Amino acid sequence: CGSMISSDSNSIYEKINALDISDKMKTKMRLVHDNLKKTKLGMPEYDMKGKSPIAFFSIWAFLFNILYYLAKGMWRKAISLLVLSCGLIFIFGCAEELLGIVMPEYVYHIITIIPAVISMQSAYYDIYRSKVLEQKFWW
């Protein structure tokens, strides 16, 4: 069974090496492959193995979340993030109206940062799924 896993890993490494992406991104793809434990609600969970969590985060995805996903060709995920953003704003707006209250401004700042944090945490995993595993996904 162990040789089967290493054989699978070798073919994954070969596929990563053959991708038309930067060496830095290839390194990130290997990092995802080697350290992915599981996913919860579509969010990756990694075995850190002494690595900083920052190694798994994408600052570009955080800053440009929906645009980042569009630029990387993952339009389904971009649409999902846009729907999440609009949905959260709609829900909180309805809550304001129904309860007759005014939400503090920071609540809306938190709402708008949620998709950015999701993007930051899952960008490399999503690129791995898209480019290496050739999956089509919405979340």
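Visitor: Where does Trp139 sit?

Guide: Trp139 lies in the segment that comes after α5 (105–132). Keep in mind that this is a predicted model.

Visitor: Why is Trp139 called partly exposed?

Guide: The relative accessible area of Trp139 is 31%. Buried would need under 20%, and exposed would need over 50%. The 31% falls in between, so Trp139 is partly exposed.

Visitor: Which residues make up the nonpolar surface patch?

Guide: Trp139 is one of them, along with Ile59, Trp60, Leu63, Phe64, Leu67, Leu70, Trp75, Ile79, Val83 and Trp138, and the patch covers about 1,200 Å². Two elements, α3 (59–71) and α4 (75–99), each give it two or more residues. The largest share, 6 residues, is from α3.

Visitor: What does the end-to-end span of α3 look like against a straight helix?

Guide: Thirteen residues in a straight helix would span 18 Å at 1.5 Å a residue, but the end C-alpha atoms of α3 span only 15 Å. There's a kink in α3 too, of about 115° and centred on Asn65.

Visitor: Which residues of α3 and α2 are buried?

Guide: In α3, they're Ala61, Asn65, Ile66, Tyr68 and Tyr69. These buried residues pack against α2, α4 and α5. As for α2, its buried residues include Met25, Leu31, Val32 and even Lys26 and Lys28.

Visitor: Now for the loops. Why is Leu41 called exposed?

Guide: Exposed means over 50%, and Leu41 has 79% relative accessibility, so it qualifies. You'll find Leu41 in the loop between β1 (36–40) and β2 (43–46). Its phi is positive, about 55°, although Leu41 is not a glycine.

Visitor: And what makes Lys49 exposed?

Guide: Lys49 comes in at 51%, and the cut-off is over 50%, so Lys49 counts as exposed. Lys49 is in the loop between β2 and α3, and it has a positive phi near 45° while being a residue other than glycine.

Visitor: Which residue with a positive phi follows α3?

Guide: That's Gly73, with a phi near 80°.

Terms used: Residues numbered from 1 in each chain as written. Predicted model: local features only at pLDDT ≥ 70, side-chain atom pairs only at ≥ 80, totals over all residues. Heavy atoms only, no water. Patch = residues over 30% accessible without salt bridge, like charges linked within 9 Å, V, L, I, M, F, W, Y side chains within 5 Å. Areas by Shrake-Rupley, 256 points an atom, 1.4 Å probe, with all protein chains shown as cover. Salt bridge = Lys/Arg side-chain N within 4 Å of Asp/Glu carboxyl O. Helix = DSSP H or I, 4+ residues; strand = E, 2+ residues; numbered from the N terminus. Buried < 20%, exposed > 50% of the residue type's maximum accessible area, 1.4 Å probe, protein only. Expected span 1.5 Å × (residues − 1). Bend = angle between axes of the 7 residues up to and from the residue. Contact = heavy atoms within 4.5 Å.
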